[in-house]
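Dear colleague,

A summary of the findings follows it.

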Amino acid sequence: MQFHKYISRFKCSSINLDATSFSVSLLGIFLQRQSFYSAAATEWRTGPSAISGNHLDLVNDFTKYCYQRDLPKAMKALDSMQKHKLWADSITYGELIKCCIAHGAIKHGKRVHQHVFSNGYEPKTFLVNTLLNMYVKFNLLDDAQALFDQMPERNVVSWTTMIAAYSNLEHNYKALEMLIMMLRDGVRPNMYTYSSVLRACEGFFNLKQLHCSIIKVGLESDVFVRSALIDIYSKWAELNAALNIFDEMVTSDLVVWNSVIGGFAQNSDGDEALNLFIRMKRSGFWADQSTLTSVLRACTSLALLELGRQVHVHVIKFNRDLVLNNALLDMYCKCGSLKDANSIFTRMVVKDVISWSTMIIGFAQNGYSRKALTLFETMKTSGIKPNYITLLGVLFACSHAGLVQDGQYYFESMKMLFGIEPGREHYGCMVDLLGRAGKLEEAIKLVHEMKCEPDAVTWRTLLGACRVHRKMDLAEYAAKKVLSLDPHDAGTYILLSNIYANTQRWEDVESLRRSMRDGGIKKEPGCSWIEINKQVHAFILGDKAHPQVNAIYRDLNQVIWRLKEEGYVPDTNFVLQDVEGEQMENSLAHHSEKLAIVFGMMSLRNRRQ
């Protein structure tokens with residue numbers, strides 16, 4: 001054996017070493033020369049002088065296999081080590097556990113766990129934490145908790161691993177409880193602990209308490225904690241608080257910028273999200289994929305097509321980024337530019353179910369229902385499996401095209417063909433489809449057959465169909481269902497009041513009006529806007545503030561007059577019937593959408609001249 005050759009070579013050395021230390025020194029040289037990991041011998045239960053050459057080879061082979069991520073050979077060597085009561089070092093076992101996680105090898109991971117706790121061997125806290133992480137990654141939270149409870153010593157990593165696991169699985173109460181136990185155990189949370197536990201906040205009160213705790217330990221300036229605080233305040237729609245945290249100190253990290261921009265974009269405050277993006281650019285930061293995704297979401301919520309095209313220029317350098325391409329698709333579809341959306345979709349090298357679903361819904365929402373259904377068939381042949389949202393887009397397309405038979409086929413075969421249980425939204429689409437087709441008896445029957453409880457949106461959809469087809473008895477029933485679920489729905493109050501007025505039920509009208517007054521319920525005026533030459537013009541009902549208001553009303557009256565010549569009759573069902581008929585028609589004529597459309601027509605005419 002080579003080891004004995006090294007010993008004989010050093011016999012004539014004048015170095016003063018006893019036999020044991022001499023052998024150990026040569027052992028270290030030998031392991032280094034062979035590129036093995038000398039740490040593998042440091043945790044043997046028996047002394048080095050008692051280790052046979054075969055045992056040494058076994059531990060060295062095990063170490064090599066672990067670092068090479070050769071799981072079958074490593075586990076075979078582990079079994080032999082178990083038989084001979086041999087152990088490697090914690091770092092080597094850590095590599096093996098990582099290998100088990102990478103291969104999804106739960107059984108192998110549990111065998112490693114049994115081995116390192118066998119025959120009275122006491123693994124280091126570092127190794128137990130690695131095992132904890134393994135169980136968490138395998139979603140075996142009960143096993144992780146059992147191991148955690150057995151730990152004689154728990155450090156901040158142990159506690160944070162468990163807190164993060166409970167937060168990720170939305171076991172929020174348990175995550176907060178673990179934080180309290182951690183503090184009682186005398187372990188100080190770090191930035192990762194607070195970043196994890198903040199996600200478990202279920203109310204504003206808990207959030208404020210945690211925020212105070214973070215300030216007390218001086219972690220409010222940490223990038224991870226600041227980002228998590230901004231995210232959770234945004235989640236609870238406390239955007240002013242999120243912005244205050246952001247503005248408290250100069251931000252030198254892109255992660256924090258992305259958090260605050262994303263928070264405003266997700267809460268449909270696109271204006272502030274875009275203002276923050278401009279501030280970020282002026283501060284010298286380069287936008288990454290996360291930034292651009294949020295900015296595109298802001299453009300989508302504001303329907304700012306031209307600005308979205310400018311953002312598209314920044315996206316080009318991330319051309320193959322799937323998330324960004326999907327965000328671009330959504331923006332162009334929501335802004336009505338199907339040509340741009342289809343161009344991007346066609347050029348995408350990689351498409352996932354989100355890409356296909358976005359395009360299908362985009363076609364359906366913009367009046368191209370047949371194209372949406374054709375694309376759905378192409379999606380199926382491509383091998384991409386439809387999901388919950390995809391089928392929602394398909395049913396939406398059928399509804400808007402009046403394709404009753406197609407819609408019923410897709411709805412009834414969802415479970416059988418795609419393994420998708422119809423949800424409340426799918427039922428809503430079917431109610432809309434049947435309602436548009438005048439099949440109101442089938443629609444109400446479907447509502448009563450729903451496996452989930454109908455919500456206000458479902459009943460409101462049925463109510464709209466009853467209004468169109470003049471089914472007043474059923475409309476009254478649906479309206480009362482809406483108000484029982486959403487007592488502040490002003491539009492439903494008005495519609496129900498008008499139903500009573502049309503049938504001369506004046507006492508019911510007065511009772512309903514009294515309920516509206518007592519509850520402070522008012523119909524808020526709608527707001528419509530149009531983008532002309534990269535400038536947004538907003539209008540509300542009866543708007544008089546626009547500088548071209550006189551010309552807008554003049555042109556609008558001409559359009560209404562021409563429409564009436566063609567047989568147009570205003571529908572006054574959504575106008576409170578306590579004004580004269582002419583006044584009701586005027587309020588409809590000066591609706592915000594009509595003002596915006598007429599202004600757009602004027603601008604287009606002026607551009608051509």
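Which residue does the side chain of Glu-476 meet in a salt bridge? The partner is Arg-505, with an N to O distance of 3.1 Å. Please note that this is a predicted model. Glu-476 belongs to helix 28 (residues 472-485), while Arg-505 sits in the loop between helix 29 (490-502) and helix 30 (506-518); the pair, 29 residues apart, thus links distant parts of the chain. Glu-476 counts as buried because its relative accessible area, 12%, falls under 20%. Arg-505, in contrast, is partly exposed at 31%. Shared partners extend this contact into one network of salt bridges that joins Glu-476, Lys-480, Arg-505 and Asp-508.

Other salt bridges

The count of salt bridges comes to 18. One of them joins Glu-95 to Arg-69, whose closest N and O atoms are 3.2 Å apart. This pair also links distant parts of the chain, 26 residues apart: Glu-95 is in helix 5 (residues 90-103), and Arg-69 is in the loop between helix 3 (53-67) and helix 4 (71-83). Glu-95 is buried, with a relative accessible area of 15%, whereas Arg-69 is partly exposed at 36%.

A further salt bridge is formed by Lys-451 and Glu-421, with 3.0 Å between the closest N and O atoms. Here both partners are in loops: Lys-451 lies between helix 26 (440-449) and helix 27 (456-468), and Glu-421 between helix 24 and helix 25 (424-436), at a separation of 30 residues. Lys-451 is exposed, with a relative accessibility of 67%, and Glu-421 is partly exposed, with 37%.

Overall architecture and surface

The protein chain holds 33 helices and two strands. Of its 609 residues, 46% count as buried. Among contacts between residues at least 6 apart in sequence, 61% join residues at least 24 apart. The chain exposes about 32700 Å², of which carbon and sulfur atoms supply 52%.

On the surface, Tyr-409, Met-416 and Leu-417 form a nonpolar patch with about 360 Å² of accessible area together. Leu-417 is part of helix 24 (residues 404-418) and counts as partly exposed, at 43% relative accessibility.

The two strands

Strand 1 (residues 527-532) and strand 2 (residues 535-540) are paired in the antiparallel sense over six bridges. Within this pairing, Glu-531 stands opposite Val-536 in strand 2. The strands form a hairpin with two residues between them, and Asn-533 in the turn has a positive phi of about 50°.

With kind regards

Technical notes: Residues are numbered from 1 along each chain as its sequence is written. This is a predicted model: local features need pLDDT of at least 70, side-chain atom pairs count only at pLDDT 80 or more; totals for chains, interfaces and linings use all residues. Side-chain values use heavy atoms; hydrogens and water are left out. Two strands pair if DSSP finds at least two bridges between them. Helices (H or I, at least four residues) and strands (E, at least two) are DSSP runs, numbered from the N terminus. Patches are made of residues with over 30% relative accessible area and no salt bridge: like charges are joined within 9 Å, nonpolar side chains (Val, Leu, Ile, Met, Phe, Trp, Tyr) within 5 Å. Accessible areas come from the Shrake-Rupley method with a 1.4 Å probe; for residues, only the protein chains shown count as cover. A salt bridge is a side-chain nitrogen of Lys or Arg within 4 Å of a carboxyl oxygen of Asp or Glu. Buried means under 20% relative accessible area, exposed over 50%, partly exposed in between (1.4 Å probe, protein chains only). Contact means heavy atoms within 4.5 Å.
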